[in-house]
Amino acid sequence: MLGRLKKALKGLVNEVAKSTKEVTEEKPVTPEERPKEKKEEKKGLLTKLKDTIVYKEIDVKKLEPLLEEYVLTLSELDVAYEVAEELIENFKKNLAGLKIKRGVDEREVIEKALKDAILGLISVPAFDLIEEAKRAQREGRILKIMFMGVNGVGKTTTIAKVAYAMKRAGVTPVLAAADTFRAGAVEQLKVHAERMGVPIITKPYGSDPASVAYDAIEYAKARGFNVVLIDTAGRMHVDVDLMNELRKVARVAEPDYKVLVLDALTGNDAVEQAKFFDEAVGVDAVILTKVDADAKGGAVLSVAATIKKPVLYLGVGQNYEDLIKFDPKWFVERLLGEEK
Ligand SMILES: Nc1nc2c(ncn2[C@@H]2O[C@H](COP(=O)(O)OP(=O)(O)OP(=O)(O)O)[C@@H](O)[C@H]2O)c(=O)[nH]1
C-alpha cells in the first residue's frame, strides 16, 4: 500500500539531507554571558566556544535540479503534475532559511518540512459519516447520503462497508438501490443487504432512480430509520444522461452529503472524475477504494489536494471491515513516519 510513493519521499528526504552544510556564525557575547570576574583567567577557550554558533542549513538553490526531478518522479507515481509542483514548491519554502541546530537530526527536520508541505495540501475540514449517523439517530432525523462514481470503482462494495460500519455503531441504515440502469447492480446490493440484515428498497430494472431514492426516504420516515444510503448508476462521468439523472436524484432526495467513490488504481483519471462530478453534480466528500492494491500511492494525495474536499475513508480490501478512516496526519505518518 502506497509503497512506491513512500520510497520516493524517503529518497527525497535522504537526498536533501546530503546537501546540508555547516555554518559557523560569530555571535556577540552579551554582558550576562560574559564569564564572572573570578573565572577571568579561564576565559580564553570558554569565550571562544560561546562566541560561535554552528548550525546546518540547506542550500535550496543548489537543490533546484533535484527538486525538479522529483516533480516528475511524483507525477509518475500518480501524483497529478500540478499537485507535485505545489508540493515541491511548499517543501522548498519550508526548507529555505531552516537552521538545524547542532545535535539535532537533520533528517527529522527535513522530514517535518516535507510532512508539513503535504499536510498543507490535503488538510480540509472533514466529517465522520458514522458519527453523523449516530447524531441523526439521537436527534430523530434522517441522514441522507448519495453515493456516486463511475462503473467498477467499488461503489456498491463501499456502500455495503459504510452500512456495515453504521450497523456496528448501532444505526441501521436503509439502502436505496437507485442504480436501476444495470440489472446486476440491484441484485448485488440486495445480496449485501440480506447478508448484513439491513432493509433495501428496490424497483425493477429501468425504473426512475429518483423514485427509488424517494421511496427509500419515505420508508425510513414511516419505519423510524435515521439513515438512507443511496446507490446510483455508475457510468462514464462524461455521460450527459447520467449526470442529468444524478442531478434529478439529488433534487428529489436532497441528500445531506454527496459522496464520490473513486478507485485509487485509476490514478490521474480519479482526479479528472472528481473534478467532473464536482462541477456537474457537486461533491461533498470522497471515498477512495482499492488503496490496498495501489502500489504507486499518488492518487490519494492528488484527489485530496485537487478538489479540496475531504477524503473520508480508504477502501483497503474486499471485506466489510476493510474501510479505514482517512486522517491527513495519519496519512503523512504512514508515508514518512516509521515503518508500520
Ligand atoms: N482490493 C480491493 N477491491 C475492492 C475494494 N472495493 C471494491 N473492490 C472490488 O472492486 C470490484 C468492483 O466493485 P463494485 O462494488 O462491484 O463496483 P461498483 O462501482 O459498484 O460497480 P458498478 O456497479 O459496475 O458501478 C469488486 O470486485 C470489489 O470486490 C477495495 O477497497 N480493495
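Glu254 is placed in the loop that connects helix H10 (240-253) with strand E8 (257-263), where helices (H or I, at least four residues) and strands (E, at least two) are DSSP runs numbered from the N terminus. The structure is a predicted model, in which local features need pLDDT of at least 70 and side-chain atom pairs count only at pLDDT 80 or more, whereas totals for chains, interfaces and linings use all residues. Residues are numbered from 1 along each chain as its sequence is written.

The phi of Glu254 is near 45°, a positive value in a residue other than glycine. Most residues other than glycine have a negative phi. Glu254 is exposed, because 11 other C-beta atoms lie within 10 Å; a residue counts as buried if 20 or more other C-beta atoms, placed from the backbone, lie within 10 Å of its own, as exposed if 12 or fewer do, and as partly exposed in between. Asp78, which is not a glycine, also has a positive phi, of about 75°, and is found in the loop between helix H3 (60-76) and H4. Asp78 is buried, because 28 other C-beta atoms lie within 10 Å.

Over the chain as a whole, the secondary structure comes to 13 helices and 11 strands, and 43% of the 340 residues count as buried. The C-alpha trace spans about 95 × 40 × 30 Å along its principal axes. The radius of gyration of the chain is 27 Å, whereas a compact globule of 340 residues would have a value near 20 Å; this quantity is taken over C-alpha atoms, and the globule rule is 2.2 Å times the number of residues to the power 0.38. Among contacts between residues at least 6 apart in sequence, 77% join residues at least 24 apart, two residues being in contact if their C-beta atoms, placed from the backbone, lie within 7 Å.

The chain is divided into domain 1 (3-122) and domain 2 (129-327), with bounds that come from an automatic or database domain assignment. The C-alpha centres of domain 1 and domain 2 lie 44 Å apart, and 13 residues of domain 1 are in contact with 13 residues of domain 2. On the side of domain 1 that touches domain 2, the elements giving two or more residues are helix H1 (3-18) and helix H5 (106-122), and the largest share, four residues, comes from H1.

Within helix H4 (residues 81-95) lies Leu87, which is buried, because 24 other C-beta atoms lie within 10 Å. Leaving aside residues up to four places away in sequence, Leu87 touches Leu74, Ala117, Ile118 and Leu121. The C-alpha atoms of Leu87 and Leu301 are separated by 10.0 Å, although these residues are 214 residues apart along the chain.

The ligand is surrounded by 20 residues, of which the closest are Gly154, Thr156, Thr157, Gly234 and Gly315; a residue is near a molecule if its C-beta atom, placed from the backbone, lies within 6 Å of it. Helix H7 (residues 155-168) gives the most to this shell, with three residues. By class, the shell around the ligand holds four nonpolar, 11 polar and five charged residues, where Ala, Val, Leu, Ile, Met, Phe, Trp, Tyr, Cys and Pro count as nonpolar, Asp, Glu, Lys and Arg as charged, and the others, Gly among them, as polar.
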